Structures are given as structure tokens and as C-alpha cells.
Amino acid sequence: MKSENNKSFNRFQNVLFFSFICFTYSSLLLCDPIIAKEPPNQITFTEGGVQKTFYRNSNLEAEFIEPSQVNSSQNKGLGNGKVKGGWNLRQAGKPLLSQQQNKSNIPTKVTEVYNTGAGYGPNIVLPGIIIVTFKNDQTNDTLSKLAQKYKIVILQQFTPRIVSFQTEPGYLSVEIANELLNEAIVSEAYPETAVEKVLK
């Protein structure tokens with residue numbers, strides 16, 4: 001009788017243990033963690049009917065410096081032109097401002113850098129601005145719905161057919177620009193590029 005009870009108890013333990021393993025595994029699958037995507041080695045988009053391809057420079061990054069960070073009294077030593085307000089190029093993984101200099105609570109914006117050719121040519125930074133040309137005049141309501149759908153922000157309406165949107169900097173702006181081309185009302189969408197001739 002005792003051995004029967006032990007067998008039943010052992011079966012119960014095995015079922016309980018197996019259920020626990022299944023539950024843990026399924027919850028891990030459901031909780032899909034957001035893993036940072038590695039920037040692609042090349043990006044392609046069409047601007048003015050011309051297809052453009054840029055190649056990632058893995059040795060460089062671009063860091064956004066607020067003008068107030070450069071002009072503040074604590075950063076007087078930066079007035080030598082090495083660091084400017086806006087996007088600055090830097091060696092990968094090496095911040096432009098030390099922790100002592102960057103006492104503000106402004107989160108650092110860093111993005112990848114691309115070249116016009118593989119390993120040569122001017123350095124291209126994608127600041128996260130998309131220029132969109134529509135097939136016909138657009139209403140504010142239509143633009144707002146489009147911005148909400150793609151999680152982008154309307155920046156400036158140049159004409160009823162040409163509008164700029166703010167998105168994440170870097171290759172993500174290329175991805176969204178290319179997605180916008182699937183919209184029937186869009187004739188052209190491409191990211192704005194900032195060109196840096198030399199490492200500052």
C-alpha cells in the first residue's frame with residue numbers, strides 16, 4: 001500500500017515538475033524581449049528617382065550634442081571647434097563629452113555613420129528626418145493619421161504635397177521611409193542626410 005502511495009506521489013511530482021517546465025517555457029516565448037537590432041551594413045533608398053546606397057562605417061558613430069552643452073561655462077574648453085552643437089562624428093564607443101562635462105540629464109543620442117562608398121567617401125549621418133512627397137495635396141487630418149500609423153511626428157509642411165517627419169535617427173529612418181512608399185498617396189519618401197567631410 002505504501003509503495004502504491006509513493007508511486008502516485010512520484011507521478012504527481014513528475015506531472016507537477018513537467019507542468020512547471022512547460023509553463024516557464026511558454027511564458028518565455030510569450031515575453032518576447034526587445035533585442036536591439038544591429039544596424040545593417042548598407043542602406044538603400046530612392047531620392048529624386050535615383051537609387052542611393054550607403055555603406056556603414058563601423059569605426060565611427062555620430063553623437064548629438066545640444067548647443068547648450070557646448071556653450072555652457074563648464075564647456076569653455078570645447079570652443080576649439082572639435083565639438084559643435086548638433087551631430088558630431090566620434091570613434092565608436094568613445095563619448096565626446098566626459099561625464100564631468102556632461103552634467104545635464106539630457107540622454108545621449110548616438111547613431112551609426114555611413115559612407116558613399118565601402119570604406120571611403122564623405123561620412124553620412126541620418127538625423128531622423130524623412131522628406132515625403134505626396135501625389136496630391138494633403139489635409140492636416142490625413143497627415144496626422146499617417147504620422148500616428150507610422151509613429152512619426154510632423155515637422156514641417158513645405159507645400160500641401162511636401163512634408164517632413166521626425167523619426168528615430170539612423171537606419172530606422174530609412175526603413176520607415178521605405179515603408180511609407182507602400183501608401184497609395186505617397187510618391188516619394190527618403191531620409192534627410194547630413195554630410196560630414198572629415199572627422200571633427
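Me: Is Phe64 buried, exposed or partly exposed, and what is its relative accessible area?

Reply: This is a predicted model, and every value here is computed from it. Phe64 has a relative accessible area of 22%, so Phe64 is partly exposed.

Me: What does Phe64 pair with, and how do I read the geometry of the two rings?

Reply: Read the distance between the ring centres, then the angle between the planes; over 60 degrees counts as edge-to-face. Phe64 and Trp87 have ring centres 5.4 Å apart and planes at 65°, so their pair is edge-to-face. Phe64 belongs to strand E2 (residues 50-65) and Trp87 to strand E3 (residues 86-91), so the pair ties together parts 23 residues apart in sequence. Trp87 is buried, with a relative accessible area of 12%.

Me: Which residue lies over the face of Phe64?

Reply: Lys109 does, at 4.5 Å from the ring centre.

Me: How many aromatic pairs does the structure hold?

Reply: There are 2. Besides the pair already described, Phe45 and Phe54 form a tilted one, with 5.8 Å from centre to centre and 35° between the planes. Phe45 and Phe54 are both buried.

Me: Which residues have the most contacts inside the largest nonpolar core?

Reply: A core is read as a set of buried nonpolar residues joined through their side chains. The largest one here has 15 residues, and those with the most contacts inside it are Ile130, Val132, Phe134, Ile152, Phe165, Leu180 and Ala189. The elements giving two or more residues to this core are E6, H3, strand E8 (162-166), H4 and E9. H3 gives the most, with 4 residues. A second, separate core has 11 residues, among them Ile43, Phe45, Val174 and Tyr190.

Me: What is Val132 in contact with, apart from its neighbours within four places in sequence?

Reply: The partners of Val132 are Arg161, Ile162, Val163, Phe165, Leu180, Val186, Glu188 and Ala189.

Me: Which residues of helix H4 are buried, and what covers them?

Reply: In H4 (residues 171-180), the buried residues are Tyr171, Ser173, Val174, Ile176, Ala177 and Leu180. Their cover includes strands E1 (42-47), E4 (109-117), E6 (129-134) and E9 (186-191), together with helix H3 (140-150).

Me: Which residues lie nearest the centre of the largest pocket?

Reply: A pocket is described by its volume and by the residues that line it. The largest pocket holds about 220 Å³ of space. Of its 13 lining residues, Pro39, Val110, Thr111, Glu112 and Tyr171 lie nearest the centre. E2, E4 and H4 each supply at least two lining residues, and the largest share, 4 residues, comes from E2.

Me: Where does Lys151 lie, and what is its phi?

Reply: Lys151 lies in the loop between H3 and E7. Its phi is positive, about 55°, although Lys151 is not a glycine. With a relative accessible area of 73%, Lys151 is exposed.

Me: Where is Gln156, and which residues is it in contact with beyond its neighbours within four places in sequence?

Reply: Gln156 is in strand E7 (residues 153-159). Beyond those neighbours, Gln156 is in contact with Ile162, Val163 and Ser164. At 44% relative accessibility, Gln156 counts as partly exposed. Gln156 and Ile131 are 25 residues apart in sequence, and their C-alpha atoms are 9.5 Å apart in space.

Terms used. Residues numbered from 1 in each chain as written. Predicted model: local features only at pLDDT ≥ 70, side-chain atom pairs only at ≥ 80, totals over all residues. Heavy atoms only, no water. Buried < 20%, exposed > 50% of the residue type's maximum accessible area, 1.4 Å probe, protein only. Contact = heavy atoms within 4.5 Å. Core = buried A, V, L, I, M, F, W, Y, C linked by side-chain atoms within 4.5 Å. Phe/Tyr/Trp six-rings, centres within 6.5 Å; stacked < 30°, edge-to-face > 60°. Lys NZ or Arg CZ within 6 Å of the ring centre and 35° of its normal. 1 Å grid on protein atoms, 1.4 Å probe; cavity = no way out; pocket = protein on both sides within 12 Å on 5 of 7 lines; lining within 4 Å. Points joined across faces, edges and corners; volume = space filled by probe spheres on them.
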